[in-house]
Amino acid sequence: MAYDVTEDLEAFRTETRDWLEANCPPSMRTPMADDEIVWGGKRGEFKNPDSKVWLDRMGERGWTAPEWPAAYGGGGLTKEQNRVLQEELRRIKARPALFSFGLWMFGPALLEFGNEEQKKRFLPDIVKGKTRWCQGYSEPGAGSDLAGLQTRCEDKGDHYLINGQKVWTSYADQADWIFCLVRTDTSSKHEGISFILFDMESPGVEARPILLVSGSSPFCETFFTDVKVPKDQLVGRVNGGWEIAKRLLQFERSSISAGGFGGTGGSGILGPEEYAKIHVGTDSEGRIADGDLRGRIADHKMYAKAFNLTVQRQTEQAKAGQQVGHTASILKYGAAKMNQDRHELLIEALGTEGLGWEGEGFDEGAMKATRGWLRSKGNSIEGGTSEINLNVVAKRVLGLKDHQ
Amino acid sequence: MSFVLTEDQEMLRDTALAFVRDELPVTHLRALRDKGANGRDAATRQKLAELGFFGVIIPDEPGGEHFGLVGLGQILEAQGRTLAATPLLQTALIAASAIQLGGSKAMQAEWLPKIAAGETTFALALDESAHFAPLNVATEAESNGQGYTLNGMKRFVPGGHDAEMFIVVARTFGETGDRHGLTLFLVPAKTKGVTVQELKTVDSHGAAHVTFDDVMVGQNGVLGPVDEGADVLEPVLDRAAIGMAAEMLGSSEAAFEMTLEYLQSRKQFGQLIGSFQSMQHRAAKMFTEIEMTRSCVAAALAAVDSGKGDVAELASLAKAKAGELVHLVSNECVQMHGGIGMTDVADPGLYMKRARVQEALYGSASWHRDRYARLQGF
């Protein structure tokens, strides 16, 4: 039996390799500039036309969501087959065909908690990149204490009526649909939350981008005024949304840590050691002349290596069927620290070269580093603050008790 | 693949964990200390030999199967948990590696079976100053026609007070600090001119200053290439650093578990102290560091066995991370235990003392950080 499985897997590899060879456009095998990232959706833009070809072909095959069932548009692959697919994609340095909160967060949660009709309705368009989703979680009065959310959802018989405000809604101004936490019962904190889906074009929905310290606007304030939502768009049971919300947060933290906030590199930006060599200079043996800075850069690089090895270890152990526990929280915490430390070192190594904002006179990579440094401050806040993640580790992993 | 143990390695790990738990608890080290044994323990050595722990990286036949450094790492991690003083790092890892990597066929045939059987213990006599600096060797080996004459002094030789054989790093050419000109020698501790000054150390494991005064060594005592001993020494030291990192990981885990237990039992202000957020966050950070260090140690052990990956870089990564970890966890262990942590009767202090020795041997965290940067070209 084992022999057959291996043989089948090798056949799958050959088939996959041939298909990728024929279908992955050459320009999709080059490093991706940030402005060529594909997020899909009705308003999705394709700066490079090849990225549309690549998305359509991968989406058609379900390989943007390789392990989702084929019945919902996914690739229907086994874990082993997906491993082969990822290896083959890496081998040709293929770009990800699609970046998507639908793929990383909402889809996995819907697969667990949605009913058949909902899965058939929503998942295929996520796979194909036709619908872009955003996450309606935080509110002005409910940040770390997420379960304190107040956005009201009233049962009006044949529909729900939603009133309230969300904040830090990533890309709400560009999303087609929202998965949203709403209050369906005010008498119980955690047991009064429901998980509901609706179209961002519904009357009464308004998204306003928030300008950050970095000058970018990845998040919005989102307002709901008498938004009517059909009743079949509530996932799970009424007042049963908190369980779904928590599970989805695990998917979110895992997807953040898998990417490490991009904390080990970024296009057009050199590493801190490279900038230090240029702007601080080196001694006769080629070492960064400032020994203290050099030591801190080495310390950071070792942390980053340890982090990456930990992601790799957990992936391998999970594949071998070993329990890896609540590791998403430690990795989320580590990813934030790693990316923030890296950017602090970049700015320190760049000196005044790292203090430009825009226009002529500064290196483009250096200005990216500057914006990235400012943006990175949010890493220990978004997706659960570092403090909340440490709480989760202390309580759920280490078993430490609350005050009695 | 590299992070998942084989079934055999898993069994070895279980055996080692059960052995240290049942036969070598911390009370055992305490008892040895109190009777002034300075880490010497013939009965434990006998049991380790019976378990086959001395021969974990030595195949029965040349080229045959063995558990690999990954296997030995599981044992060292286990002994680190209870601070056990054993000759395993010096003999089963360092001597077995040096002789396998550099020894002639005759030398391997003579010594490897004795190592595997636990018949002979070794110690690596390298450092000459208070800080790890493997090229700073002034001990001289002068050719005398039939062999070499050794003169010099080695400081703080781990296991040196209880070794039957020394692996001596000496200079056959050049100046202190030169990579070229080092040669390794096998020298029986009983050889005329060898003086062992036993040291009582803070961790109760003991060590020795060893002086070589016109010590004669035959040609058959040369281990590896003359003048290019660094080619053997460097990979051996990488392995030693990785082995010590595994031991430090074990010590950190045990000190952390002890701390966690205390946080869950000690009450102040009518509350378990583990319910205070200042304690919870520090505990969670330590746990994160343990998990990250575990990945580094596992990757380094596996890299030696597979021959894939950059062993030197991973060795420095593992030793530096484990050094910082054991320092942090052993100190937090004392602090979180409060006053009781300062007493001799409680165990936290033993972990803190042993940690300092573990940190210093085979390169401190700062030494390895510097090397990591050099290897990465900055």
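A crossing of two helices is called left-handed if the near helix is turned anticlockwise from the far one by less than a right angle, and right-handed if clockwise. By that definition, helix 9 of chain B and helix 10 of chain B cross in a left-handed manner. The model is a predicted one.

**Domains of chain A**

- Chain A is split into domain 1 (2–99), domain 2 (133–241) and domain 3 (263–397).
- Between domain 2 of chain A and domain 3 of chain A, the C-alpha centres are 32 Å apart.
- Seven residues of domain 2 of chain A are in contact with six residues of domain 3 of chain A. On the side of domain 2 of chain A that touches domain 3 of chain A, three residues are nonpolar, four are polar and none is charged.
- According to UniProt, residues 6–130 of chain A carry the feature "domain: Acyl-CoA dehydrogenase/oxidase N-terminal", from an unreviewed entry. This span, residues 6–130 of chain A, is 55% helix and 0% strand, and its end C-alpha atoms lie 35 Å apart.

**Domains of chain B**

- Chain B is split into domain 1 (7–121), domain 2 (123–227) and domain 3 (231–375).
- The C-alpha centres of domain 1 of chain B and domain 3 of chain B are separated by 21 Å. Their contact involves 22 residues of domain 1 of chain B and 25 residues of domain 3 of chain B.
- On the side of domain 1 of chain B that touches domain 3 of chain B, two or more residues each come from helix 2 (26–34), helix 4 (68–81) and helix 5 (88–102) of chain B. Helix 4 of chain B gives the largest share of that side, 11 residues.
- That side of domain 1 of chain B, where it touches domain 3 of chain B, has 13 nonpolar, seven polar and two charged residues.
- UniProt lists residues 136–215 of chain B as "domain: Acyl-CoA oxidase/dehydrogenase middle", from an unreviewed entry. Residues 136–215 of chain B are 0% helix and 56% strand, with end C-alpha atoms 20 Å apart.

**Contact between the chains**

- Chain A contributes 35 residues to the contact, and chain B contributes 32 residues.
- Helix 7 (272–279), helix 8 (291–319), helix 9 (327–350) and helix 11 (386–397) of chain A each give two or more residues to the side of chain A that touches chain B. The largest share of that side, 16 residues, belongs to helix 8 of chain A.
- By class, the side of chain A that touches chain B has 16 nonpolar, eight polar and 11 charged residues.

**Helix pairs**

- In chain A, the axes of helix 9 and helix 11 come within 9 Å and cross at roughly 150 degrees. Helix 9 of chain A and helix 11 of chain A are therefore roughly antiparallel, and their crossing is left-handed.
- In chain B, helix 9 (residues 311–337) and helix 10 (residues 348–360) pack at about 160 degrees, with axes 9 Å apart. Helix 9 of chain B is therefore roughly antiparallel to helix 10 of chain B.
- Residues of helix 9 of chain B that meet helix 10 of chain B include G323(B), V326(B) and H327(B). The contact of helix 9 of chain B with helix 10 of chain B has seven nonpolar, seven polar and one charged residues.

Key: Residues numbered from 1 in each chain as written. Chains lettered and ligands numbered in written order. Predicted model: local features only at pLDDT ≥ 70, side-chain atom pairs only at ≥ 80, totals over all residues. UniProt positions renumbered as here; feature names shortened; annotations may be inferred. Helix = DSSP H or I, 4+ residues; strand = E, 2+ residues; numbered from the N terminus. Domains from an automatic or database assignment. Contact = placed C-beta atoms within 7 Å. Nonpolar A, V, L, I, M, F, W, Y, C, P; charged D, E, K, R; others polar. Axes fitted to C-alpha atoms, helices over the stretch in contact; angles between N-to-C directions. Parallel < 35°, antiparallel > 145°, perpendicular 65-115°, else oblique.
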